[in-house]
Amino acid sequence: MTQAVEYDVVVLGGGPVGENVVDRARAAGLSTALVESELIGGECSYWACIPSKSLLRPVIARSDARRVPGLSAAVQGPLDTGAVLAWRDERVGNWKDEGQVGWLDSIGARVYRGHGRLHGPKAVAVEGPEGEHHLLTARHAVVVSTGSRAVLPGIPGLAGAGAWTSREATSARKAPGRLAVVGGGVVGTEMATAWQSLGSQVTLVVRGGGLLPRMEPFVSEYIVDALVEAGADVRLNASVSAVERPGGSGPVTLVLDGGGRVEADEVLIATGRAPRTDDIGLETVGLEPGSWLPVDDSCRVEGSEWLYAVGDVNHRALMTHQGKYQARIAGAAIAARAQHVPLLETDRWGAHTATADHAALPQVVFSDPEAAAVGLSLAEAERAGHRVRAVDYDLGAVSGAGLYADGYRGRARMVVDLDREIVLGVTFVGPGVGELLHSATIAVAGEVPVDRLWHAVPAFPTISEIWLRLLESYRGN
């Protein structure tokens with residue numbers, strides 16, 4: 001019979017979100033176990049954020065350099081794709097996790113390798129890689145941070161076609177000659193950008209009328225123009241009705257609604273994700289296997305006193321940085337409850353409330369040009385019933401942008417709540433705008449009055465001077 005081992009907190013899922021829960025729990029003096037069936041560090045470290053940005057950084061750096069007089073002539077040749085892929089491999093630790101395991105050991109967390117399943121209230125059963133079994137029980141909390149996986153839609157012929165998902169797209173050993181990308185979200189946009197520059201002829205097939213539908217509509221216009229200029233074939237308002245790939249290898253053909261066809265050597269499907277909760281024992285605690293886990297603002301699963309869900313599985317914000325934020329909030333809440341704190345800080349911006357998930361959510365898309373946004377878009381603010389005004393400005397008209405790149409093209413939008421005179425959302429599109437985002441995030445999360453922002457003086461000549469131009473436009477100067 002398996003002997004139960006008790007911890008204060010048991011974390012199911014060892015990606016960056018689970019690691020952050022462990023870190024917060026250990027900092028509060030709670031004993032902690034972490035269970036992971038794959039690599040410690042999870043999707044972000046090995047198949048998502050880190051490898052994708054490793055592929056994109058040389059692409060974007062070359063693109064920027066080509067717009068700098070005196071340098072442009074030196075960078076007109078193709079990228080060294082082999083060197084880029086080798087750098088990608090180095091950045092993901094060659095898909096080995098010893099460093100991350102060593103860090104967990106150094107803070108006193110116990111790592112269990114194997115498949116973990118809930119085994120009734122406050123218990124997790126672990127089946128190890130060598131067939132060993134462990135039963136872990138939690139004094140205070142079990143935290144589910146198992147993330148999400150790519151979903152393949154039910155397109156006829158797709159199941160046996162050997163399609164890429166985001167994992168194959170970020171870990172491929174060579175650039176396919178022709179790559180078809182289906183989906184206009186973050187994964188589709190970034191991977192189309194990367195592989196077009198790394199030597200593939202990319203065809204991007206998007207069901208809607210633009211890319212990145214959760215951002216302001218003008219963002220798509222800039223990125224589509226740049227992809228087409230780079231040589232990609234972008235097909236908007238196009239749906240795939242069937243996939244043909246006899247035997248699951250060789251050339252693949254996408255049959256489009258209306259009769260069009262796209263031929264490629266590989267196809268990447270980037271059309272959605274599902275929670276990794278189908279085989280983690282949810283049924284043993286009265287929950288539906290395969291479901292997203294709804295939580296309150298402390299990330300505790302609704303209806304439970306001990307079960308928490310952080311990161312993608314709660315479906316609040318499928319981004320690593322936001323999942324890590326949730327982990328910090330949940331870790332603080334677990335520690336406070338374990339210490340019998342009589343009243344948690346549950347005010348809107350309190351220590352135990354993940355308000356940023358819905359009020360100040362930041363995102364950067366590392367396309368060329370970059371896109372960055374925080375808070376509400378104009379349409380979202382209007383749907384929420386706010387009385388708002390949007391202020392737009394040409395980023396290329398800012399002195400710092402002209403110095404950053406000759407012919408700089410970009411745009412900024414600030415959405416202001418007219419009743420409270422605070423910024424509800426900001427969107428940028430243009431080269432280098434990812435580094436502008438945190439200032440906008442501070443303005444939104446801090447609910448800084450517009451009159452006070454007037455005294456936050458941007459240094460000249462930086463692209464950050466866009467803040468002055470937006471505020472001048474808002475004030476009518």
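Which helix gives the most to the lining of the second largest pocket? I looked that up first. H8 does, with six residues.

**Ground rules.** I am working on a predicted model, where local features need pLDDT of at least 70, side-chain atom pairs count only at pLDDT 80 or more, and totals for chains, interfaces and linings use all residues. I number residues from 1 along each chain as its sequence is written, and side-chain values use heavy atoms, with hydrogens and water left out.

**Pocket.** I took a pocket as an open set of points on a 1 Å grid over the protein atoms alone, where a 1.4 Å probe fits, with protein on both sides within 12 Å along at least five of seven lines. Lining residues have an atom within 4 Å of a point. The volume is the space filled by probe spheres set on the points. For the second largest pocket I noted about 550 Å³. Of its 20 lining residues, Ser63, Arg67, Ala226, Glu229 and Asp368 are the closest to the centre. H3 (49-65), H7 (186-197) and H8 (217-230) each supply at least two lining residues. Helices here are DSSP runs (H or I, at least four residues); strands are E runs of at least two.

**Sheet.** Next I traced an open sheet of four strands, E10-E9-E8-E14, with parallel pairing. Pairing takes at least two DSSP bridges. E10 (233-235) and E14 (266-269) are the edge strands. E9 (201-205) and E10 share three bridges, and Thr203 stands opposite Asp233.

**Helix on sheet.** H7 packs on the sheet and touches E8 (178-182), E9 and E14. Contact means heavy atoms within 4.5 Å.

Definitions and conventions: Axes are lines fitted to C-alpha atoms, for helices over the stretch in contact, and angles run from 0 to 180 degrees between N-to-C directions.
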